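Subject: Structure for your files

Hello,

Here is the structure, as promised. My notes on it follow below.

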Amino acid sequence: MHELIDYIQSYLKSNLTPGAAGNIFWATVYILLVFVGLSIAVIAMNWLERKILAHMQVRLGPMRVGPHGLLQPIADAIKLLLKEDIIPAEADKFVFWIAPFIVVLAAFTVFVVVPFGPTHAITDMNIGILFMLGVSSLSVLGIVTAGWASNSHYPLIGALRSSAQMVSYEVAMGLAVVSVIMMTSLQTGTGTLSMIGIVQAQQTSGEWFIFKFFPLGLIGFFIFAIAMVAETNRAPFDLPEAESELTAGFHTEYSGFRWSLFFLAEYSAMIAVSSIAVTLWLGGWLRPFPNLLHGSTWDLVFSLVPGLTFLFFAAICFFNVVRMPKHPLFKIQTMGLAGFGAVLGLIGLVMFVPGVRDRVGDIFWFAAKVAGFMYLYIWYRGTFPRYRFDQLMKMGWKVLLPMGLALLILTAVVAMRADLWDQLRGVGHP
Amino acid sequence: MNPPVATPFFFYLLATTMIVGGILVITRKNAVHSALALITTLLAQAALYLMLYAPFVAGVQIILYAGGIMVLFLFVIMLISIERAAKERQFNKQWLVGIAAAAALGGLFIAIYTTTTKGKTLFPEGQVSYGESQNTQAIAALLFDRVHGTYMFAFEIASLLLLVAIIGAVVMAKKRI
Amino acid sequence: MEAMLHITTLHYLVLGAALFLLGVIGVLTRRNVVIVLMSIELILNAVNLNLVAFSRYWQGMPGHLGGPGALHGQVFAIFVITDAAAEAAVGLGILIAFFRNKETVNVDEVNLLKW
Amino acid sequence: MTDPNTLSPLDLDTPDKTFLDSNELVINMGPQHPATHGVLRVILRLDGEKVLGLECVIGYLHRGVEKIAEHRTYTMFNPYVDRMDYVAAVSNGLGYCEAVEKLLSVEAPPRAQYIRVILTELNRIASHQLWLGTHALDIGAITPLFYTFRDREEILKIFEKYCGARLTTHAFRIGGLQYEAYDGFEKEVKNFLTFFAPKIDEYEELLTTNRIWLERTKGVGKISGKDCIALGVTGPVLRASGVQWDIRKAQPYANYKNFDFKIPTGEHGDTYDRYLVRMAEMRQSCRIIEQAVAGIPEGPIMAKVPKVMKPPVGEVYHSIEAPKGELGYFIVSDGSTQPYRIRVRPPSFVNLQALDVMCRGQLVSDVIAVIGTLDIVLGEVDR
Amino acid sequence: MLFLDHIWLIPLLPAVGAALMFFFGRRLQKSTVSAVCVGSVVLAFLMACGGVLQYTNWGAANGHRPYEKILYTWLGTDTGHLNYQKSDGTPASFRADAGFLLDPLSSIWLLFVTGVGMLIHIYSTGYMAHEGGYYRFFGYLNLFMFSMLTLILANNYVLMFVGWEGVGLCSYLLIGFYFHRKSASDAANKAFIVNRIGDAGFILGMFFVAWLCGSLRFIDVTGFARDHAATLMGNPIVTAATLLLFVGACGKSAQLPLYVWLPDAMEGPTPVSALIHAATMVTAGVYMVARSNALFVLSRESMLVVAIVGALTAIFAASIGLVQNDIKRVLAYSTVSQLGYMFLALGVGAFSAGVFHVFTHAFFKALLFLGAGSVIHAMSGEQDMRNMGALSEKIPVTFRTMLVATLAIAGIPILAGFFSKDEILWQAWKFSPYLWAIGFATALMTAFYMFRLMYLTFWSPSRVTSHEVEHHIHESPKSMTVPLVVLAFFSITAGWLGWPASLGGSNHFEKFLEPVFANAAEKEAPPANESGLGLTEYLLMGLSVAAAGVGWLMASRAYSNAGKGYTEPIAAAAPPVYDTLLNKYYVDEGYDYVFTGRRKLGDVRLGVMGLGEASSWFDSHVIDGAVNAAGWITRSTATFSSWWDKWIIDGIGVNGPAILARMLSYPARLFEWGLVQWYALVMTAGLVGFVFYYVYH
């Protein structure tokens, strides 16, 4: 037992990711952690999307299962798992069966290289960003095969649309990413594809890449931000599953558990691309204003933020507990909500513990940034109509791709003479 | 730099996957199944590249082969109707001769690989551990560096080849030219 | 058994050879053009495997050809992948044009020039 | 999937179609499809995603309303008309009552007419709200649906208070109204107007300048005024094509000549113009209601109508401007208590004809947008 | 000399009218159509009057020789490119001019053709007012006027033949005016075809005349014949020429073998019947014979044939006329009969008498037809006399004018017919009493059937079947009655021109024609002792008048009270005779048996259709057999040739080397058989070989 604690402590003090350290045990632990965390995030995302969207649309959303519908995602999950798994008679059974797994595999494998902190990644790959793009592009295979295997018109059209859309936007996405990789080469002379390396490059550079070579970084970020919405088939680019046209796109024929896999894959893909965006442009795990508000005091202040956030959520819960109707029927719900608030508050309190708060800060900031993107996703869905397919392709090929190319060239030119650029802006070289 | 874990196990696992995948590719009636088998093979090969400390090639393998070319294959398979092709005869009339020729080639390979000169095999078992951290940069240097850019010109030619291929493919696939 | 557990370059070469042979068999015997093209991909991959394996081999060899910077095999592999992409694009383009005209994907029915 | 051979031949300029064109696709949309607004079945012929032509198959909701009329007395048939365009039931009732009144040569007293105008215009707003919500939903904007339904609720509340029903109101009687306006009716209508005016801005804020909305609607489903007239298309669709035709102005009925309002028209006849026209129409309806509420006279609400209606032998055609276009009733009387024949000219049915013209050469997604913008109600199309 | 110099304008005026109708008629108003067409004929009539008047003055000053106006040479030239030998071996050259000849004979025809034509045109404007194809009708009428005037005014046989054919064409067109009726179009065809027979005779006759005389100009022919009268007398060529010309006249003027078309021609509108098939066109034959009188008198045989044919036609047609019920058919047979009279006159050498009868006949027969047309008009198209009766009160003008015409044709004294018919009978008596007897019987019949017509139509009780028709009966409009009245006037007075000397007249008519027939009269009828025969003449005159009276009486007895379902006296007396007459002696049927072949005689088909069948048989059996035989021979040769080509030439010569080449190239082909995969296989084999060699060498 003692050895175990020592082992853990030895790990906590190391500066390597489990992958880099070649530590299979920790790698496994991390993998499990990431998997569980992702699942929770997807479930939370499900609930949040429904609630936020509902409130945007002047309605309440789920209110029945659990206090404020908090248990709704769980109920949904149970329902989906218990549903009959229908495989159409004329479908290609093997491919139909395997397609969702390809998608889920692609969506989850991406997280191998996602850096939640300097050491909080399963592994740090030399080709990290390449790996992420490559693996996430594998989900196209799953979608295409799913659509084809259903042996039906709507799924096939949805799959073709989907894959065309994803392949198209991958190009613009890649160009935006390459511009960032160029930016990483400024300090060391040779750039890096490693996710951790990119964040560290931002740290060294002293500014997030979104502000680098203003406005080039910003443009790159916007290209990526648009492309990633398209890449994940979300509104306003949710054509493959445009329900008014193609019923539900490539997963029309899926139901039950297999459908929930697609669902899971979609949300984890959203989180994955958001992670890429956060890592590449928004400083990854770095806290806001590291240059402006530096010093140990500010460090302390920012390290308190995670705990405060959880306490804030707990406060909201308690506020709502008070507002709960005082009717016997609501007794259990009220208690549930109070319990939920208490858990949140406890987490918040734990996060004030010095040893924890130093370690957790990175993850919190990363998660907070990703959460911002998640909110954007929901916001888009509440606000925008849907693009038409040709308009979408036009945008991908005729707007984003030329912009990305121009951005690439400009970034290259500017990066070659970064000194001049900095002089121009009156920023001295460190 | 720790020694790689369980290298033989993973090698044999991946090798078996590749061989089985390859056999499936050439035996399946349904082209989609073939394609899926090929994808499996390619992914396994990417993993093998990683084991050979060639992560960049592995990444390119995944993003280009599995994510690009194979999607293209699937696309085309869906455009053409494969139902009929799946019902027809799958092998041509010279399949026996073809397999014989391939077997001859295989025999030759075996002969070569087992040939020993002066008690040593033709290809010595050289193997060395090498950190992968700078692999990408080293390849980039070979490709682009002003000093060591041995393959700069070849790289440009390759880009030209791709451009020609794009135009060719568009012209071929267009309905009416 | 010991030789089996110690993975050497030869292992990769044998694997490459096996894949190559599978590819050759596919190219020589299948009628479906799509699968023929896939078999060609198999052949190219077998070659790539060999190239990368040799690259690894040379990295461990002394001399001006070897050494840590001996990544020529990997560069070649990248070029081969590029070629494969071009080949697939054009090949599939031809295939689509062919299918449009003859409604078949069988390679032994590509015999227009025989007449 | 429909067998293409069973389709009736569409008169299309199909670009040299060969059997090798594997892209040629016949897709059956509906009758169970979320975007067809009911049980409309559309058979689409596609080249990829481009529409080569389409054919509407209707009749899934046919209930034989016109035939039922021949076996009901004039009064008994009144509630049936509510079931045709069930989102604009009040307008249906108004058209029917006025047609029968014309046949009987009676006229509803002024107070009844004012209340009729108020309710009808409220109903027009409600209908447009429902259209806006579903149309936006078809194009992918979810939120407007909830906004419009929230505000439509207020109108339905007024209906409910007035006559007890929300949807199929059966609000009017031949010769006037059955119910006197409830206490505070005028105040509530006024309250609604003050409540509703900013809501239109809210809708417009979400959509009118939204880039994606513009891209999805501008130039989509274009139809010229000439084509509209040739096809008999009426209502906002016609007006959006630049034809200033509104029966309320052109052949005033029910006191409309006493109110000051404008006929909004569009220029391009595309989906966006139709959207703008309907938005403007809601504002104009508000104006009409405002004037009507201000000027409700006192007096009786029923004209002298015999208990057993036996209209003189003859025929009458009366049309009103329903929210969706010209709603006409052609009634033939043989002097008995039951109409010899009633023929309804439903705007949705006539407007639906334009679908093919509007969709040809567009994409599948545009078909959805165009079906939405036509604002059809299948209950009225099939009757 | 204004009119004489521009005499060519007379035919041209109607031609212009016709041309206008054919090109623009469809677009013109009816009033414009009638103005143009009637106007052109009125103008022509006025010019004709002027021309004749001027000619009489000119003739008196120039020894009564014909006035000739040649516009240009139409066929042949003066230099004689169309040379030939005459029958006596002297050279001659053929020539025909577009020339016009005016002499007393043509003057008479000119006057009554234009005059009657004008009246009928006017009448037609009323009669045709409600018919379709108004402009077409008038266009045809004007074209007819042009043709007829060309015929009359021609100065040679060829131009005359042009007019001759022209009137034939117009006759065809107008008979078939109601072309939608099959009977009308059949009748038109019949008229046209029957006329062709006559025309063939005419053409052959012309050849003989040209061969004989060396010219076709009337002046030359007449001069030649009179100069060589002595030598030519009894010349068979003359006989042949004249007989052939008479065949032509028979066709046009409906004489015995060829008369069958005329009764059927009544299918045309009534004004057409009046103008063409009673007054003008049918007298063209008479005109032609009269014009050729100098030749005819040189052949006794011909003259005898003409006289006999005329006499037989007269009695034959009259007998048929006795029983016909169609009002127009009665008149049609009457016309045929009267034409027979005229040829009788010509045949017996009384040319001027014949021409005189033509002249008077034109008026009263036109009047009769127009009256009949008026009756039909009043009866709403009813033509059957059995359904008429008691019309005298209702259509008084028509009735009175028709009565005048009937009296005239019956030969009641001081009316036109009396003088001309009496003259003919008198001349016939002088030639042969037998011919007189035939003529006399004909006169009796004529009176009978004409009064039968009058009784049945006007006097007997009404037998109108339809009440509506009866109610509808009305007098015709002025445009119809005025011509009737005018014609009635001439029917009374026209005869007075030839008031015979025996009755105290001076016979101006004969005197006027003397220059034309002078020679003939000398030759054929040597100056008779007129005073010696005076008593006979008066007796004959009285007899013919009595015959007219008897005919009237008989008709009166038989028909004055003919009610519905009356019986024909002849039918009652001798049914077989009645049937024979009613069926026109079965002549049409006979023709069908013998000439057309429409009816089979037993199993044999004769006539044209029989010839056709025979030809068909010959073609299908003999000709085709020969053709098939030739074909069979060719085919057999070809089969053999093909076999030879296929097996010997191609097989051994061509394919043999090819097969050999294929067999020899088979091993090479193994390596190049077009399958891509085979190439890959060969490549693989090569690779194996190469590596093997490289490694183990």
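In this predicted model, 64 residues of chain C are in contact with 72 residues of chain B; two residues are in contact if their C-beta atoms, placed from the backbone, lie within 7 Å. On the chain C side, helix H2 (9-29), helix H3 (33-59) and helix H4 (72-102) each supply at least two residues. H4(C) gives the most, with 20 residues. By class, that side has 43 nonpolar, 16 polar and five charged residues. Here Ala, Val, Leu, Ile, Met, Phe, Trp, Tyr, Cys and Pro count as nonpolar, Asp, Glu, Lys and Arg as charged, and the others, Gly among them, as polar.

Chain B also meets chain A: 22 residues of chain B are in contact with 25 residues of chain A. Helix H2 (31-51), helix H3 (55-79) and helix H6 (135-144) of chain B give two or more residues each to this side, and H3(B) gives the most, with twelve. The chain B side divides into 14 nonpolar, seven polar and one charged.

Chain B itself has seven helices and two strands, in the order α-α-α-α-α-β-β-α-α from the N terminus. Helices (H or I, at least four residues) and strands (E, at least two) are DSSP runs, numbered from the N terminus. Of its 177 residues, 37% count as buried, meaning 20 or more other C-beta atoms within 10 Å of the residue's own, with C-beta atoms placed from the backbone.

On conventions: residues are numbered from 1 along each chain as its sequence is written, and chains are lettered from A and ligands numbered from 1 in the order in which they are written. Local features need pLDDT of at least 70 and side-chain atom pairs count only at pLDDT 80 or more, while totals for chains, interfaces and linings use all residues.

Regards

Conventions. Buried ≥ 20, exposed ≤ 12 C-beta atoms within 10 Å, placed from the backbone.
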